[in-house]
Amino acid sequence: MTEDRTLIFDKNDVCIFIPVLNEEGAIKDVIEGFKNVGYTNILVYDGNSKDKTREVAAAAGARVVVQSGKGKGQAMIQAFDAMTEKYMVMIDGDGTELPEEIHHLLYPVLEGKADHVAGNRIAGRTPGAFTALNLLGNRMINWFFRRAFHSGLRDILTGYRAFTRESIQALDLKQNGFVIETELTVECLTKGQKILEVPITYLPRPEKVETKLHPIRDGYRISMAIYKYSRFYNPLFFFGVWSLLSFTIALLLIALHPFITWHGGSIFGTASVFFAGIGALLLVAGFVADISATLHRKTLKAIQANRKEQEKEYDQF
Ligand SMILES: Nc1nc2c(ncn2[C@@H]2O[C@H](COP(=O)(O)OP(=O)(O)OP(=O)(O)O)[C@@H](O)[C@H]2O)c(=O)[nH]1
Ligand SMILES: [Mg+2]
C-alpha cells in the first residue's frame with residue numbers, strides 16, 4: 001500500500017510509541033522503518049526485557065523508558081498519561097506491522113475525520129501472519145464484540161493505532177494485560193469517539209521473536225471482558241444472552257417431554273415453565289436497563305455538544 005496524498009504537518013508533533021518485551025530481534029527494524037519515513041520522535045516502553053531490547057532500541061535512536069509495572073496494558077496507560085505531543089501512533093515492536101503505512105492511520109486523525117484510527121490486520125494479513133487458531137479466535141472475538149456493541153469493527157485487538165492526545169486522555173483505562181485493547185475500544189465507543197478502521201499489512205513474526213500472547217487464556221479473558229463491559233453499553237445483550245439460554249432450555253424440556261417419563265413426565269413441564277419464566281424476567285430486565293443506557297448516552301452526547309459549543313465561544317475571545 002502506498003500513500004498518494006501529502007499533508008503538511010510537523011512530524012515532531014507525532015509520538016511513535018512502541019511497547020516491547022524481549023524484542024531484541026525485531027525492534028531495530030521497526031525504529032529504522034519510522035526514521036526512514038521522517039519520524040524521529042520514537043518512544044519505546046520496555047517491560048523489563050531479559051534480552052538486549054533496551055540497548056538495541058537506544059542505539060537505533062529511540063527514547064527508552066522502563067515501565068513501572070507489568071503488562072502491555074500498564075505500559076500503555078503509563079505512556080498515555082505522560083503524553084505531551086498532539087498525536088500518537090502506537091505499534092507493536094515485533095516487526096509484524098509496517099512503519100511505512102503510518103499515513104493510512106495518521107492522516108484521518110490529522111484531518112479530523114476520526115478521533116481514533118485502528119489498523120485492521122485481518123483485512124491485510126499475509127500468509128502465516130496468524131496461526132489458524134489465532135485467526136479463528138480473532139474472528140470469534142470480533143464477531144462477539146460486534147454483537148455486544150452494535151459496532152462494525154473487524155479487528156479490535158490490533159496493536160497499530162493512531163489518536164489525538166485529547167481522545168486518549170479522555171479514556172478511563174485500568175487493564176494491565178492484553179485486555180487493554182478491548183477496554184480501549186469500549187471506552188472510545190462509550191465516550192462517543194469516532195473510530196475508523198483502515199486495512200494494514202500484517203506479517204508473520206520474524207523468527208527470533210516470541211509471542212507473549214496465550215491464545216486460549218487471553219482469548220477467554222478478552223471474551224469475558226467484552227461480556228462484562230456490555231453491561232452498561234448494551235444491557236439488552238448482557239441479560240439477553242441468559243434469557244436466550246433459559247428459553248432454549250425451556251423449549252428443550254418441552255420437546256423432550258413426550259419421550260421421557262419421570263413422575264408421569266410432569267416434572268419436565270413444571271421445569272420448562274420455570275425456565276421460560278426466568279427467560280422472560282431476564283428479557284424484561286434487559287429492556288428496562290436498555291432504556292436507561294440509551295438515556296444515559298443521549299445525556300452524555302448533549303453534555304459533550306454543549307462543552308464543544310462553549311469551547312468554540314471561548315476560542316472566539
Ligand atoms: N512494555 C511491554 N510490552 C509488552 C508486554 N507484553 C507484550 N508487549 C509488547 O506488546 C506488543 C504486542 O505483543 P505480542 O506478543 O506481539 O502480542 P500480539 O501482537 O497481540 O500477538 P501475536 O499475534 O502473537 O503477535 C509487542 O511489541 C510486545 O513486545 C509487556 O508486558 N510490557
Ligand atoms: Mg504481535
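Me: Domain bounds here come from an automatic or database domain assignment. How many Å separate the centres of domain 1 and domain 2?
Reply: This is a predicted model. The chain is divided into domain 1, residues 11–231, and domain 2, residues 234–316. Taken over C-alpha atoms, the centres of domain 1 and domain 2 are separated by 33 Å.

Me: What area is buried between domain 1 and domain 2?
Reply: The contact takes 10 residues from domain 1 and 8 residues from domain 2. Carbon and sulfur atoms give 58% of the buried area. The area buried between the two domains is about 850 Å².

Me: Which residues in domain 1 lose the most area to domain 2?
Reply: Three residues together account for 55% of what the domain 1 side buries. They are Tyr227, Ser230 and Arg231.

Me: A polar side-chain atom of which residue lies 2.7 Å from a nitrogen atom of ligand 1?
Reply: Polar backbone atoms also approach the ligand: one of leucine 21 is 2.9 Å from an oxygen atom of ligand 1, and a backbone N or O atom of tyrosine 45 lies 3.0 Å from a nitrogen atom of ligand 1. The side-chain atom at 2.7 Å belongs to glutamine 67.

Me: What percentage of the accessible area of ligand 1 does the protein cover?
Reply: On its own, ligand 1 has 630 Å² of accessible area. The protein covers 94%.

Me: Which elements give two or more residues to the shell around ligand 1?
Reply: The residues of this shell divide into 8 nonpolar, 6 polar and 7 charged. The elements in question are strand E1 (14–20), strand E2 (42–46) and helix H3 (72–82).

Key. Residues numbered from 1 in each chain as written. Chains lettered and ligands numbered in written order. Predicted model: local features only at pLDDT ≥ 70, side-chain atom pairs only at ≥ 80, totals over all residues. Heavy atoms only, no water. Polar contact = N/O pair within 3.5 Å; in protein donor to acceptor, adjacent residues only side chain to side chain. Areas by Shrake-Rupley, 256 points an atom, 1.4 Å probe, with all protein chains shown as cover. Helix = DSSP H or I, 4+ residues; strand = E, 2+ residues; numbered from the N terminus. Nonpolar A, V, L, I, M, F, W, Y, C, P; charged D, E, K, R; others polar. Contact = heavy atoms within 4.5 Å. Buried area = accessible area lost by both parts, 1.4 Å probe.
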